[in-house]
Amino acid sequence: MRARPSLPLLLVILIACGLAGCGDNKVPIRDDGAPLSSEKAITSFTFEAAHNSALTSDVTATITGTTITATVPSGVDRSALVATFATTGESVTVGGTAQVSGVTPNNFTAPLNYTVTAADGSAIAYLVTVSQAPSNAKAITAFGFEDADNEGLTADVTATITGTTITATVPFGTDVTALVATFTTTGASVAVGATPQVSGTTANDFTSPVEYVVTAGDGSTQTYTVTVNIAANSAKAITAFSFESVHNAGLGADVVAVISGTSITATVPFGTDVTGLVATFSTTGASVAVNGTAQVSGTTANDFSTPVSYVVTAADASMQTYTVTVNIAANTAKDLTSFEFLTVKNPVLSVNVTATITGTEITAIVPFGTDISDLVATFATTGDSVAVAGTPQVNGVTANDFTSPVEYTVTAADGSTQLYTVTVINSFSSSKDIIAFSILGLDGIINGTSITLVVPNGTDLTALIPTITITGASVSPGSLVPNDFTTPATYVVRAADNTTKTYTVTVLTASQTAKDITRFTINGLDAIIATTSPTTGTIAINMPGGTDRTALSPVVTITGVSVTPASGQTVNFTNPVDYVVTAADGSTKTYTVTVGTVNGNGTKLIVAFSILGVEGQITNGAQSSTVMLTLPAGTDLSAQTPTIVINGSSLSPPSRVPQDFTQPVMYTVTSADGSIRVYTVTITLAP
């Protein structure tokens, strides 16, 4: 028989249950009913030199369970060290004193208990012990280059320490003449020559090995030799690939391939012999080979009847394989894919003229006064031959009289034909528009006959030099003539027919706080700019397929006093890049720029169309595409400047060129494969 518990023991159990809440297992909860967190760990513990004047470099502690240990250099005063720590708990105390990371000093001459309290009230104690290195300690225990301290680095570089030899390898292209090292030492001080070294601060020239001398607390020294190597170039891209007619007798015109990743595709006219084609290419690699045979651009021939593998070898010996596929156009092809009049073939022209192809209608507008009775057309065709009234046409050679529309007959290899009607129009003799007005590289906004331009804060308006582009015969005052813009200035454009148009130009100065990017273009293509907060914004742009995003040079227009990276600077956009605009008052605004590429070589879309800040409604139809936009009542539609963003290779007419929108205007987007999409843009006025 088991003995029954005595009465005093039962009383003790009952009292204990009452105090502990037996039978009532309540868990602390938040207002929303969820249990409070029990997390209460110290996840990192450091003595940073920035918060401890006795230290020349950061000292990182080791955390093992609830034990934290750190060793500071010999001679360092431990009586008032400031710890920097991270915790998952709600609060941290030492002896009842609340601890603020990077702020609160403590006496570490003896071990201290750091108590971490969780949100649910539970707590845990960490024992922190800080010891001094021996007086003769003089080691460098860690060495590297952090990207935060070195603008030329995109990632931290950790060096290897072997005895007293320290070796680091930085990426190809890194400027090593002024690198800032981050290091940890058990010594009392570190110097290079006679210069004291501060971890994360002092810069040195590492073009040759650098000797770091560590001095111990007892005055003894140890010399470390630091060698920085630059990695070999790993670039191995094919950036352009084509078959030029000058190197391939079977081609009547150059054929430009499309590069998508490591796939390269080109389509040659029907009937082309592809067994001995000579490719012209550009590469960032050290060499290119096909089946072990070295390739020379514009010289080496290959058989492209099946896909050919081009192996690009980088300077660092890494390799990248590109597969080149050459397709032969179907024998029914009979399109004119481009049509233009070049100045080199037509002395009467002052500029190249690219025609707009809409279905089988081709329209070209030449400058006013051009003699169009004997123009030579440069064209590209997928057909076998082209003729005008039975006369064979040779690209860039045959002249025709375009005083009336001319019919071009394209014959395919299979004998079928396609008729194109080419109409050449002389510019109106009464043309007298200002189509571009800039000062200090900043574009003005043209609204009818009003031009508004904002220059950086503090600019002297009394003698600014504008750059003016017009369609008329002259403008007064002239382009590049200094003018006083303290009050609105008047510019008169005179047309070839002697009629005039007067523009009023108002130049404003940006405020002290102005720091916006107002325009961002790459290779003439506009980006979409959006402000996400007073100090941040986003910029997005898609480049044509095959564009090398590693070295693009954007043109940036700002209202602030400076932008970093600078306008025109070559930048690698394979990842988003931050552009920082600084205002006159020193405040900044950061724009994150994302550069993509068009998906597919047939993409040809307008993705954004705006005038005076009003966005248009874009419709992409199977048969026709339109842009509809309504501007405020009273807006002058005869000379409005649209900002247009496309997914394609080119746009005609271009973005930021004034147009007369009193009637619908046709815009043509051309894709990488030469196909087009025509948009009809219609502008109406609000009631």
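Is N150 buried or exposed? Select it and take a look, keeping in mind that this is a predicted model. N150 has a relative accessible area of 4%, so it counts as buried, the cut-off being under 20%.

Now show its side chain and follow it to the backbone oxygen of E146, which it reaches at 2.9 Å.

Time for the aromatics. The whole structure holds 27 aromatic pairs. Start with F47 and F108: the ring centres are 5.2 Å apart and the planes stand at 80 degrees, so this pair is edge-to-face. F47 belongs to strand β1 (residues 42–47), while F108 is in the loop between β9 (105–106) and β10 (112–117), so you're looking at a link between distant parts of the chain, 61 residues apart. Both F47 and F108 are buried.

Then hop over to F339 and Y408. Here the centres lie 5.3 Å apart with the planes at 90 degrees, which makes the pair edge-to-face. F339 comes from strand β34 (residues 336–341) and Y408 from strand β43 (residues 406–411), so the pair ties together parts 69 residues apart in sequence. F339 is buried at 1% relative accessibility, and Y408 is buried too, at 0%.

For the last stop, go back to F47 and select F45, F85, F108 and Y114 along with it: ring pairs link these five residues into a cluster.

Key:
Residues are numbered from 1 along each chain as its sequence is written. This is a predicted model: local features need pLDDT of at least 70, side-chain atom pairs count only at pLDDT 80 or more; totals for chains, interfaces and linings use all residues. Side-chain values use heavy atoms; hydrogens and water are left out. Buried means under 20% relative accessible area, exposed over 50%, partly exposed in between (1.4 Å probe, protein chains only). A polar contact is a pair of N or O atoms within 3.5 Å; within protein, one must be able to donate a hydrogen and the other to accept it, and residues adjacent in sequence count only if both atoms are side-chain atoms. Rings of Phe, Tyr and Trp (its six-membered ring) pair if their centres lie within 6.5 Å; planes under 30 degrees apart count as stacked, over 60 as edge-to-face and the rest as tilted. Helices (H or I, at least four residues) and strands (E, at least two) are DSSP runs, numbered from the N terminus.
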